[in-house]
Amino acid sequence: MTRYSIWSLARNALSHHADWPRQWRSPAPRPAYDVVIVGGGGHGLATAYYLAKEHGIANVAVLEKGWLGGGNTGRNTTIVRSNYLWDESAALYELSLKLWEGLSKDLNYNVMLSQRGVLNLAHSLGDVRAGRRRAEANRLNGIDSVWLEPEGVKKVCPPLNTSASLRYPVLGSTWQPRGGTARHDAVAWGYARAADARGVDIIQTCEVTGIRRDPDGRVAGVETTQGFIGAGKVGIVAAGHTSVLAAMADIRLPIQSHPLQALVSEPIKPVLDCVVMSGAIHVYVSQSDKGELVIGAGIDGYNSYAQRGSVHVLEHQTAALCELFPVFARLRMMRTWAGIVDVCPDASPILGKTPVPGLFINGGWGTGGFKATPGSGYVFAHTIARDEPHPVAAPFALERFTTGALIDEHGAAAVAH
Ligand SMILES: Cc1cc2nc3c(=O)[nH]c(=O)nc-3n(C[C@H](O)[C@H](O)[C@H](O)COP(=O)(O)OP(=O)(O)OC[C@H]3O[C@@H](n4cnc5c(N)ncnc54)[C@H](O)[C@@H]3O)c2cc1C
């Protein structure tokens, strides 16, 4: 990546930075690839990058129906943490967090990871018990999670209303100091640039419309809006459209697609230097580097692919925000948007092989997959390259819905983030 060294920065300054080459190519699709990844979000791009970097498989195409990172990767509220309850999830999300911690250097691209800490507030005895249990379980898994009493919470987050007279007073909180936020676009662009540099073809405005199989049932390639593209292996990494893609290979998934909305306020001076989430009052908030409050909460209740949601969901989350932070009550909201999230019954992802040889799935991340982007790509690349699940990915196989070995993370996923 000497293209982006301090010397090339200085050299390009002489021409007012007008002559930088494009960060990745836009090639026409080749007739066939070793691996085709469907979906140019963070997870798909990370998968392609690790296929090339860790497994020497660079004859790879990432096919994206729209533009890079235009799905949930570019629509999420960028919260990163690893404080999930069960050992299987802790392993997956902590692997991701460790990769996040070295990602800017690895990609030579500033993904603006900001480890400002994450609070998960407790407002009832049930919340307190679940939070304490989760913090202890996290510590057994080597994750930096602690339990804070209300005074400790107030110290970490002074603008938060911790008055005992609140409708649902703050009774404590889990606190993960290594959690925080990252710049979503930069993650997509960083992986894209690094994958392209290793020979991966990134093909935008190329929608997959069918999955072709050999007479013996094995994957042969994909039908697309730019013609047929042959592939020895195909990875579906399409978030809200995972079940649509799987249906093209006659696979029914236990996934429901819902809109998930978020909104940002007008920018204000720095006031909130951690991430605050409340599952019970149901809102979460952080402050972006531009000063906007970034606010989210839960999914819209109905299934949809429309990438927009209902006003009452936004009303609810802004009311919850004002309850926790009365000081924000007079802020104006600037923008709202939605993504389509792929929700599994146990709030855990599906990672691994499918009944169709050569076809792999990385989906079902629902409302919380951004934080997993590096780890997801890492273990999925291993799974595709070796044709067997990475040990960290193995518990997340599709078979868990028939064996019953579910990984119920509804508590840790709680308020959607
Ligand atoms: C409002 C909102 C807030 C969120 N907040 C957080 C958060 O704070 N923290 C967190 O960890 N997670 C969060 N998430 C979840 C997170 O965004 C996702 O889990 C994650 O980004 C999924 O990444 P991806 O690469 O799998 O999906 P995407 O980025 O959606 O990429 C999938 C791509 O597949 C493409 N595609 C679909 N069908 C086809 C086809 N037929 N052919 C070709 N391409 C196709 C789509 O266009 C899309 O670009 C949030 C999500 C939303 C919507």
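The structure is a predicted model, in which local features need pLDDT of at least 70 and side-chain atom pairs count only at pLDDT 80 or more, whereas totals for chains, interfaces and linings use all residues. Residues are numbered from 1 along each chain as its sequence is written, and side-chain values use heavy atoms, with hydrogens and water left out.

Two strands are said to pair if DSSP finds at least two bridges between them. The pairings described here are set out below.

| Strands | Sense | Bridges |
|---|---|---|
| Strand 4 (residues 118-122) and strand 6 (residues 172-176) | antiparallel | 5 bridges |
| Strand 4 and strand 13 (residues 275-278) | parallel | 4 bridges |
| Strand 5 (residues 146-148) and strand 6 | antiparallel | 3 bridges |

Leu 119 also stands opposite Val 276 in strand 13. Along strand 6, Gly 172 is the bridge partner of Ala 122, and Thr 174 is the bridge partner of Trp 147.

Strand 4 is mostly covered, with 5 of its 5 residues buried; a residue is buried under 20% relative accessible area, exposed over 50% and partly exposed in between (1.4 Å probe, protein chains only). In a regular strand, side chains alternate between the two faces of the sheet. In strand 4, Val 118, Asn 120 and Ala 122 point one way while Leu 119 and Leu 121 point the other way, and all are buried. Strand 6 is likewise mostly covered, with 5 of its 5 residues buried. Its residues Gly 172, Thr 174 and Gln 176 point one way and Ser 173 and Trp 175 the other way, all of them buried.

**Helix 6**

Helix 6 runs over residues 184-197, and at 1.5 Å a residue its 14 residues should span 20 Å, which agrees with the 20 Å between its end C-alpha atoms. The expected span is 1.5 Å times one less than the number of residues. Because 12 of the 14 residues are buried, helix 6 is largely enclosed by the rest of the structure. Among the buried residues are His 184, Asp 185, Gly 190, Tyr 191, Arg 193 and Asp 196. Their cover includes helix 2 (42-55), helix 3 (87-107), strand 8 (201-203) and helix 9 (373-386). Just after helix 6, Gly 199 takes a positive phi of about 105 degrees.

**Aromatic rings and charges**

The structure holds 9 aromatic pairs. Rings of Phe, Tyr and Trp (its six-membered ring) pair if their centres lie within 6.5 Å; planes under 30 degrees apart count as stacked, over 60 as edge-to-face and the rest as tilted. One of the pairs is Tyr 4 with Trp 20, which is stacked at 5.6 Å centre to centre with 10 degrees between the planes. This pair links distant parts of the chain, 16 residues apart: Tyr 4 belongs to the segment before helix 1 (6-14), and Trp 20 to the loop between helix 1 and strand 1 (32-38). Tyr 4 is buried, at a relative accessible area of 17%, whereas Trp 20 is partly exposed, at 25%.

Tyr 50 and Tyr 378 form an edge-to-face pair, 5.3 Å centre to centre and 75 degrees between the planes. Tyr 50 lies in helix 2 and Tyr 378 in helix 9, so the pair ties together parts 328 residues apart in sequence. Tyr 50 is buried at 2% relative accessibility, while Tyr 378 is partly exposed with a relative accessible area of 25%. Ring pairs join Tyr 49, Tyr 50, Tyr 191 and Tyr 378 in a cluster.

Charges also lie over rings, a term used if NZ of Lys or CZ of Arg is within 6 Å of the ring centre and within 35 degrees of the ring normal. The charged end of Arg 193 sits over the ring of Tyr 4, 3.6 Å from its centre. Arg 212 lies over the face of Phe 228, 3.7 Å from the ring centre.

**Domains**

The domain assignment, which is automatic or taken from a database, gives domain 1 (30-78 + 184-254 + 346-413) and domain 2 (114-179 + 256-343). Their C-alpha centres lie 29 Å apart. Across the two, 17 residues of domain 1 are in contact with 18 residues of domain 2, contact being heavy atoms within 4.5 Å.

Note on methods. Helices (H or I, at least four residues) and strands (E, at least two) are DSSP runs, numbered from the N terminus.
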